[in-house]
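Open the structure in your viewer and keep the sequence panel beside it. The stops below say what to select next and what is there.

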Amino acid sequence: MIKVQKFVFNFFGENTYVVSDGSGECVVIDPGCLSGKERDELDSYIEAEGLKPVMILLTHAHSDHIFGVRHLEDKYGIIARMDLKEERTLSEFNPAMTAMGLPAPGEFVFDGVSGGDVLHFGDTGIQVIPTPGHSPGGLCFLFDGDKAIFTGDSLFAGSIGRTDNGCASLDDLLLSIRGRLMALSGDIRVYPGHGPGSDIATERTTNPFIFGCDE
């Protein structure tokens, strides 16, 4: 059984998750820690729990979700995993945001992962589900045996991710959510990139963007 610890970081209120499974290993999902205080908070939890981070998983590469990647790579000797299509986000979207005053997230090392891949840490398997739309290479990470999915900015409690920029597509995002996420079991808990959690059944029946996806 996994243990999920949520942190809310940076001025966008981004959700960073540390997921452990009792093996002593953990993964960090979307480390948005920007300030020294936020990074210390994340490190202190990992140390207090006696955890060994083995992977950084990125649902997408928008700046607010990756501020802490370089810190974790340097401190723990690990690298990030994300869809290679997010190179466009790194080269186009994030620099535009930096030009408007957003802090630059810094360069980091990453390996490409794709939909259908299965990642492993400790005794746990993680299914990679492609959900492009909010960004070109959006991913969700499904801990199927533990009934948990980390949706980044694809699916929120009662809402979906923004698509009002040149790297996004509302049609693609709705197809991703309706065709892939809503096909999952209703009892799967949703851990989004911002705001409170939910579950698939609740979103299927109450999310105004997913009307008509009843079981």
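Start with the cysteines: a search of the whole structure finds zero disulfides, a disulfide being a pair of cysteine sulfur atoms within 2.5 Å. Select C26, which is in no disulfide; its nearest cysteine sulfur belongs to C33, 13 Å away. C26 is buried at a relative accessible area of 0%, and C140 is buried with 0% as well. Here buried means under 20% relative accessible area, exposed means over 50%, and partly exposed lies in between (1.4 Å probe, protein chains only).

A note on what is on screen: this is a predicted model, in which local features need pLDDT of at least 70 and side-chain atom pairs count only at pLDDT 80 or more, while totals for chains, interfaces and linings use all residues. Residues are numbered from 1 along each chain as its sequence is written, and side-chain values use heavy atoms, with hydrogens and water left out.

**Helix α1**

Next select residues 36–48, which form helix α1. Helices (H or I, at least four residues) and strands (E, at least two) are DSSP runs, numbered from the N terminus. How far apart should the ends of the 13 residues of α1 be? The expected span is 1.5 Å times one less than the number of residues. For α1 that gives 18 Å, and the end C-alpha atoms are 18 Å apart, in agreement.

Colour E38, L42, D43, Y45 and I46, the buried residues of α1. They lie on the same side of α1, because they cover an arc of only 155° around the axis; the arc is that of the directions from the helix axis to the C-beta atoms. Turn to the face away from this buried side to find the exposed residues K37, E47 and A48.

Now show what covers the buried residues of α1: the list includes β1 (3–9), β2 (14–20), β3 (25–29), β4 (52–57) and α3 (69–76). Contact here means heavy atoms within 4.5 Å. After α1 comes G50, with a positive phi near 65°.

**The nonpolar cores**

In soluble globular proteins, nonpolar side chains tend to be buried together. A nonpolar core is a set of buried Ala, Val, Leu, Ile, Met, Phe, Trp, Tyr and Cys residues joined through side-chain atoms within 4.5 Å. The largest one in this model has 20 residues, and V18, L42, I56, L58 and V69 have the most contacts inside it. Two or more residues each come from β1, β3, α1, α3 and β5 (80–82). Of these elements, α1 gives the most, with three residues.

Select V18 and show its surroundings. Not counting residues up to four places away in sequence, V18 touches K3, V4, Q5, F7, C26, V27, V28, L42, Y45 and L51. Another core lies apart from the largest one; this other core has 18 residues, among them I2, Y17, F121 and I126.

**A loop residue: F108**

Go to F108, in the loop between α4 and β6 (110–112). Is F108 buried or exposed? F108 counts as buried, at 11% relative accessibility. Leaving aside neighbours within four places in sequence, F108 is in contact with L58, I66, V69, R70, E73, A80 and L90.

**Two positive phi angles**

Most residues other than glycine have a negative phi, and most peptide bonds are trans. Select N10, which is not a glycine but has a positive phi of about 55°. N10 sits in the loop between β1 and β2 and is buried, with a relative accessible area of 12%. Then select D30, also not a glycine, with a positive phi of about 55°. D30 is in the loop between β3 and α1 and is buried at 2% relative accessibility.

**Salt bridges**

How many salt bridges does a search of the whole structure find? The search finds six, where a salt bridge is a side-chain nitrogen of Lys or Arg within 4 Å of a carboxyl oxygen of Asp or Glu.

- Select K85 and D83: their side chains meet in a salt bridge at 3.9 Å, N to O. K85 counts as exposed at 52% relative accessibility, whereas D83 is buried at 6%.
- Select R88 and E92: their closest N and O atoms are 3.3 Å apart. Both lie in helix α4 (residues 87–99), four residues apart, about one turn of the helix.
- Select D164 and R162: their salt bridge is 2.7 Å, N to O, and both residues are exposed.
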